[in-house]
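User: Hi, I'm new to reading protein structures. Could you walk me through this one?

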Amino acid sequence: MADNYTVIARRYRPTTFEEVVGQEHIATTLQNAIRDNRVGHAYIFTGSRGVGKTSMARIFARALNCEKGPTPEPCGACEICRASIEGTDPDIVEIDAASHNSVDDIRQLREGIRYAPLRARFKVYILDEAHRVTASAFDAFLKTLEEPPPHVKFIFATTEPGKLPETIHSRCQRFDFRRVTTADVVKRLRQICQRESAQADDAALAMVARAGRGSMRDAQSLLDQAIAFSGGTLTAERVQELVGTLPREALLEIFDRVRARELGPVLRALDASVSGGRDPADFMDDLVEHARALMLLRAAGRDAGLVDEAPDTLERLVAQAESYSVDELAGAVSLLSDVKRRLRDASDPRIVAEVALVKLTRLADLATIEDLVRRLEGAGGGVRPAARQAAAP
Ligand SMILES: [Zn+2]
């Protein structure tokens with residue numbers, strides 16, 4: 001890899017509102033605010049990591065300051081736009097609150113705020129990880145937020161809005177960023193692969209996207225590693241070696257075997273995973289996630305939109321979900337997630353995992369027993385309550 005290699009996540013960072021994947025609701029609202037001249041002075045951008053908060057903040061700042069603006073479509077070509085894209089614009093101040101959160105830091109910030117922007121219309125302050133600002137530092141901030149100079153805009157980006165003081169919330173407009181769907185991530189990864197001249201099959205990209213768990217940035221970092229690791233041709237097998245998550249195909253197979261109560265293949269899948277250097281807890285993680293998807297599909301149906309998968313995969317998941325009862329799946333999820341928790345500090349996690357798999361293949365039996373008990377209770381319904389009453393003191 002060359003010294004000047006720039007990671008994919010940075011090279012393919014969105015530079016226009018349209019390019020921020022999965023956050024159209026926010027892009028449109030911000031663009032409308034600019035168009036209608038109703039831009040507020042302080043915003044909170046919340047959402048999990050890697051969903052586009054900081055990118056959106058930068059694009060918004062550019063839209064406000066573009067030489068042809070304020071405009072819903074920053075030109076990307078003027079001096080201010082270009083400096084902003086390169087991260088060198090003096091009027092767009094990005095502060096990582098994780099490391100600059102003291103009262104002194106905020107005091108310095110307040111000093112800077114008093115001065116007019118150097119060349120643009122606005123000074124835009126983007127505070128990343130804003131929840132890391134200390135309470136006393138926030139206090140120092142409040143005065144500024146109450147009477148902000150007209151040339152200043154604030155954007156607080158945070159993964160934990162609950163940790164921002166109420167006094168900050170009440171002075172800001174809040175935008176909630178969504179997790180990016182697997183389909184949207186896959187679409188973007190495919191574009192990137194094309195531009196990088198990398199070959200990738202659909203299953204491989206779906207695995208990378210799934211491993212990113214709703215974070216575009218994490219998925220792109222993984223893609224970067226996967227391309228380097230596989231020499232430019234990504235297959236599901238290679239990606240699995242890298243990220244470790246079981247392919248959906250393997251999970252479908254495991255749950256078919258569970259359904260058929262064939263313990264052998266299920267235990268062998270665990271063995272293969274552990275032999276490959278994976279933690280049994282990670283294996284259990286994949287199983288929990290799969291069982292949960294089945295449970296949601298079985299309980300709420302595919303139209304509820306609770307499971308985020310490509311249509312053909314979704315169809316197979318629905319078919320598998322229907323081979324189980326809701327009770328069985330709920331039982332599987334609670335069994336597996338319970339075991340997953342205990343695995344983290346078990347002295348021999350592999351044995352704990354094996355016992356869990358044995359129980360998993362017997363869940364159907366347990367459900368049958370429950371059913372039997374319920375039916376017996378139902379049959380003796382007239383007798384039981386009386387017996388209980390008699391037993392009471
Ligand atoms: Zn411009």
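User: What share of the 393 residues in the protein is buried?

Analyst: Before that, some ground rules: this is a predicted model, where local features need pLDDT of at least 70, side-chain atom pairs count only at pLDDT 80 or more, and totals for chains, interfaces and linings use all residues. Residues are numbered from 1 along each chain as its sequence is written, and side-chain values use heavy atoms, with hydrogens and water left out. Now, buried means under 20% relative accessible area, exposed means over 50%, and partly exposed is in between (1.4 Å probe, protein chains only). Here buried residues make up 45% of the 393.

User: How many helices and strands does the protein have?

Analyst: Helices (H or I, at least four residues) and strands (E, at least two) are DSSP runs, numbered from the N terminus. The protein has 19 helices and 7 strands. Its C-alpha atoms fill a box of roughly 80 × 65 × 40 Å along the principal axes.

User: Which residues hold the zinc ion?

Analyst: Look for donors, meaning N, O and S atoms within 2.8 Å of the metal (3.2 Å for Na, K and Ca); water is not among the atoms, so sites may look incomplete. In this model the protein donors are the SG atoms of Cys66, Cys75, Cys78 and Cys81, lying 2.3 Å from the zinc ion. Along the chain they follow the spacing C-x8-C-x2-C-x2-C. Cys66 and Cys78 are both in the loop between H3 (53-65) and H4 (79-86), 12 residues apart. Both Cys66 and Cys78 are buried.

User: Why is the arrangement around the zinc ion called tetrahedral?

Analyst: Four donors count as tetrahedral if all angles lie between 85 and 135 degrees. The ideal angle for four tetrahedral donors is 109.5 degrees. The 4 donor atoms around this zinc ion subtend angles of 103 to 119°, so the arrangement is tetrahedral.

User: Where is the cis peptide bond?

Analyst: As background, most peptide bonds are trans, and most residues other than glycine have a negative phi. The bond from Gly69 to Pro70 is cis, with omega near 0°. Pro70 sits in the loop between H3 and H4.

User: Is His169 buried or exposed?

Analyst: His169 counts as buried because its relative accessibility is 18%. This residue lies in helix H7 (residues 166-169). For its surroundings, contact means heavy atoms within 4.5 Å. Leaving aside neighbours within four places in sequence, His169 is in contact with Ile44, Pro161, Leu164 and Arg174.

User: Which residues meet where H10 and H11 pack?

Analyst: Leu222, Gln225, Ala226, Phe229 and Ser230 in H10 meet Arg238, Glu241, Leu242 and Val243 in H11.

How values were computed: Four donors count as tetrahedral if all angles lie between 85 and 135 degrees; four count as square planar and six as octahedral if opposite donors are over 155 degrees apart and all others between 65 and 115; anything else is irregular.
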